[in-house]
Amino acid sequence: MSIPDWRRELTQRVEGLARLLLSLDTRRPQIRASLYRHRIRCGRPTCHCARGPGHWRWCLSFESARGRHTRSLSEEELREVMPGAEAYRRFRKTRAQAARLFRSILALIDRIQKSLQKPPRPPPRPT
(Lines give C-alpha, C1' and ligand atoms only; values in the text may rest on other atoms or scores of the structure.)
Protein backbone atom coordinates (compact mmCIF):
# COMPACT_ATOMS: atom_id res chain seq x y z
CA MET A 1 0.00 0.00 0.00
CA SER A 2 1.06 3.56 -0.58
CA ILE A 3 0.84 6.55 1.75
CA PRO A 4 -2.33 7.93 0.10
CA ASP A 5 -3.99 4.52 0.57
CA TRP A 6 -2.96 4.48 4.23
CA ARG A 7 -4.25 8.02 4.73
CA ARG A 8 -7.58 7.05 3.17
CA GLU A 9 -7.75 3.98 5.43
CA LEU A 10 -6.84 6.13 8.43
CA THR A 11 -9.64 8.59 7.64
CA GLN A 12 -12.16 5.75 7.34
CA ARG A 13 -11.08 4.23 10.66
CA VAL A 14 -11.21 7.57 12.47
CA GLU A 15 -14.72 8.20 11.09
CA GLY A 16 -15.71 4.69 12.20
CA LEU A 17 -14.36 5.39 15.68
CA ALA A 18 -16.33 8.66 15.83
CA ARG A 19 -19.54 6.82 14.85
CA LEU A 20 -18.85 4.14 17.43
CA LEU A 21 -18.27 6.69 20.20
CA LEU A 22 -21.49 8.49 19.29
CA SER A 23 -23.36 5.21 19.64
CA LEU A 24 -22.34 4.87 23.29
CA ASP A 25 -25.51 5.11 25.31
CA THR A 26 -24.53 7.29 28.26
CA ARG A 27 -28.03 8.55 29.07
CA ARG A 28 -29.39 5.35 30.59
CA PRO A 29 -28.43 4.30 34.09
CA GLN A 30 -26.14 1.29 34.13
CA ILE A 31 -25.73 -1.44 36.69
CA ARG A 32 -22.23 -2.86 36.84
CA ALA A 33 -23.35 -6.47 36.98
CA SER A 34 -23.91 -9.55 34.86
CA LEU A 35 -27.17 -11.41 34.40
CA TYR A 36 -27.25 -15.10 33.58
CA ARG A 37 -29.54 -18.11 33.91
CA HIS A 38 -28.53 -20.85 36.30
CA ARG A 39 -30.06 -24.05 37.65
CA ILE A 40 -30.62 -24.03 41.40
CA ARG A 41 -32.08 -26.47 43.90
CA CYS A 42 -34.92 -25.07 45.98
CA GLY A 43 -34.13 -27.19 49.05
CA ARG A 44 -37.51 -28.95 49.39
CA PRO A 45 -36.83 -32.68 49.75
CA THR A 46 -39.91 -33.72 47.75
CA CYS A 47 -39.26 -31.42 44.78
CA HIS A 48 -38.08 -32.89 41.46
CA CYS A 49 -34.96 -30.74 41.64
CA ALA A 50 -33.66 -32.82 44.57
CA ARG A 51 -33.17 -35.77 42.19
CA GLY A 52 -32.62 -34.12 38.81
CA PRO A 53 -31.62 -30.82 37.29
CA GLY A 54 -32.62 -27.79 39.28
CA HIS A 55 -35.01 -24.93 38.51
CA TRP A 56 -33.91 -22.27 36.04
CA ARG A 57 -33.40 -18.94 37.80
CA TRP A 58 -31.95 -15.62 36.77
CA CYS A 59 -28.86 -14.68 38.76
CA LEU A 60 -27.15 -11.35 39.20
CA SER A 61 -23.39 -11.32 39.62
CA PHE A 62 -21.79 -8.13 40.91
CA GLU A 63 -18.75 -6.83 42.74
CA SER A 64 -18.66 -4.78 45.91
CA ALA A 65 -15.97 -3.64 48.31
CA ARG A 66 -16.27 -7.02 50.04
CA GLY A 67 -15.75 -9.08 46.86
CA ARG A 68 -17.81 -10.82 44.18
CA HIS A 69 -21.45 -11.72 44.94
CA THR A 70 -24.22 -13.67 43.22
CA ARG A 71 -27.93 -13.29 43.92
CA SER A 72 -30.87 -15.24 42.62
CA LEU A 73 -33.56 -12.82 41.37
CA SER A 74 -37.34 -12.88 41.52
CA GLU A 75 -39.31 -11.91 38.40
CA GLU A 76 -39.95 -8.45 39.82
CA GLU A 77 -36.27 -7.88 40.65
CA LEU A 78 -35.31 -9.13 37.18
CA ARG A 79 -37.61 -6.60 35.47
CA GLU A 80 -36.09 -3.86 37.61
CA VAL A 81 -32.43 -4.81 37.08
CA MET A 82 -32.35 -6.10 33.49
CA PRO A 83 -32.38 -2.74 31.62
CA GLY A 84 -29.45 -1.38 33.63
CA ALA A 85 -27.43 -4.58 33.33
CA GLU A 86 -28.09 -4.78 29.58
CA ALA A 87 -27.08 -1.12 29.16
CA TYR A 88 -23.81 -1.87 30.97
CA ARG A 89 -23.19 -4.96 28.80
CA ARG A 90 -23.75 -2.94 25.59
CA PHE A 91 -21.50 -0.15 26.90
CA ARG A 92 -18.67 -2.62 27.64
CA LYS A 93 -19.06 -4.29 24.24
CA THR A 94 -18.90 -0.93 22.44
CA ARG A 95 -15.90 0.08 24.54
CA ALA A 96 -14.05 -3.09 23.54
CA GLN A 97 -14.80 -2.41 19.86
CA ALA A 98 -13.55 1.16 20.24
CA ALA A 99 -10.34 -0.06 21.91
CA ARG A 100 -9.65 -2.50 19.04
CA LEU A 101 -10.34 0.19 16.46
CA PHE A 102 -8.13 2.68 18.30
CA ARG A 103 -5.24 0.19 18.39
CA SER A 104 -5.61 -0.37 14.65
CA ILE A 105 -5.55 3.42 14.10
CA LEU A 106 -2.33 3.71 16.11
CA ALA A 107 -0.76 0.85 14.13
CA LEU A 108 -1.70 2.56 10.87
CA ILE A 109 -0.25 5.89 12.09
CA ASP A 110 2.99 4.09 13.03
CA ARG A 111 3.12 2.50 9.57
CA ILE A 112 2.67 5.92 7.92
CA GLN A 113 5.35 7.44 10.17
CA LYS A 114 7.80 4.64 9.35
CA SER A 115 7.28 5.11 5.62
CA LEU A 116 7.83 8.87 5.92
CA GLN A 117 11.11 8.57 7.80
CA LYS A 118 14.15 9.03 5.60
CA PRO A 119 17.53 7.59 6.39
CA PRO A 120 19.98 10.15 7.80
CA ARG A 121 22.27 11.90 5.32
CA PRO A 122 25.87 10.81 5.31
CA PRO A 123 28.28 13.47 6.59
CA PRO A 124 29.90 15.59 3.87
CA ARG A 125 33.28 14.47 2.63
CA PRO A 126 36.20 16.65 3.59
CA THR A 127 37.72 18.43 0.61
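Student: Are Arg-68 and Glu-63 buried or exposed?

Tutor: In this predicted model, both Arg-68 and Glu-63 are exposed. The term rests on a cut-off: a residue counts as exposed when its relative accessible area is over 50%.

Student: What joins the side chains of Arg-68 and Glu-63?

Tutor: A salt bridge is read from the distance between a side-chain nitrogen of Lys or Arg and a carboxyl oxygen of Asp or Glu, with 4 Å as the limit. Here the side chains of Arg-68 and Glu-63 meet in such a bridge, at 3.4 Å from N to O.

Student: How many salt bridges does the structure hold?

Tutor: The structure holds five. Among them is the one between Arg-71 and Glu-77, whose closest N and O atoms are 2.7 Å apart. Another links the side chains of Glu-86 and Arg-89, at 2.9 Å from N to O.

Student: Where do Glu-86 and Arg-89 lie?

Tutor: Both belong to helix α2, and they are three residues apart, which is about one turn of the helix.

Student: Why does Glu-86 count as partly exposed?

Tutor: Partly exposed is the class between buried, under 20% relative accessible area, and exposed, over 50%. Glu-86 is placed there because its relative accessibility is 26%. Arg-89 is also partly exposed, because its relative accessible area is 44%. For the other pair, Arg-71 is partly exposed at 40%, and Glu-77 is partly exposed at 27%.

Student: Which residues form a nonpolar patch on the surface?

Tutor: A patch of this kind gathers nonpolar side chains within 5 Å, from residues with over 30% relative accessible area and no salt bridge. In this structure Phe-102, Leu-106 and Ile-109 form one, with about 260 Å² of accessible area together. Leu-106 is found in helix α2, which covers residues 75-116. Leu-106 counts as partly exposed because its relative accessible area is 40%.

Student: In what sense do strands β1 and β2 pair?

Tutor: In a regular strand the side chains alternate between the two faces of the sheet. Turning to the case at hand, β1 (residues 33-40) and β2 (residues 55-64) pair in the antiparallel sense over eight bridges. Within this pairing, Tyr-36 stands opposite Cys-59 in β2.

Student: Which residue in β3 does Cys-59 stand opposite?

Tutor: Cys-59 stands opposite Ser-72 in β3. Strand β3 (residues 67-72) pairs with β2 in the antiparallel sense, over six bridges.

Student: What joins β2 to β3?

Tutor: A hairpin joins them, through two residues.

Notes: Residues numbered from 1 in each chain as written. Predicted model: local features only at pLDDT ≥ 70, side-chain atom pairs only at ≥ 80, totals over all residues. Heavy atoms only, no water. Patch = residues over 30% accessible without salt bridge, like charges linked within 9 Å, V, L, I, M, F, W, Y side chains within 5 Å. Areas by Shrake-Rupley, 256 points an atom, 1.4 Å probe, with all protein chains shown as cover. Helix = DSSP H or I, 4+ residues; strand = E, 2+ residues; numbered from the N terminus. Buried < 20%, exposed > 50% of the residue type's maximum accessible area, 1.4 Å probe, protein only. Pairing = 2+ DSSP bridges.
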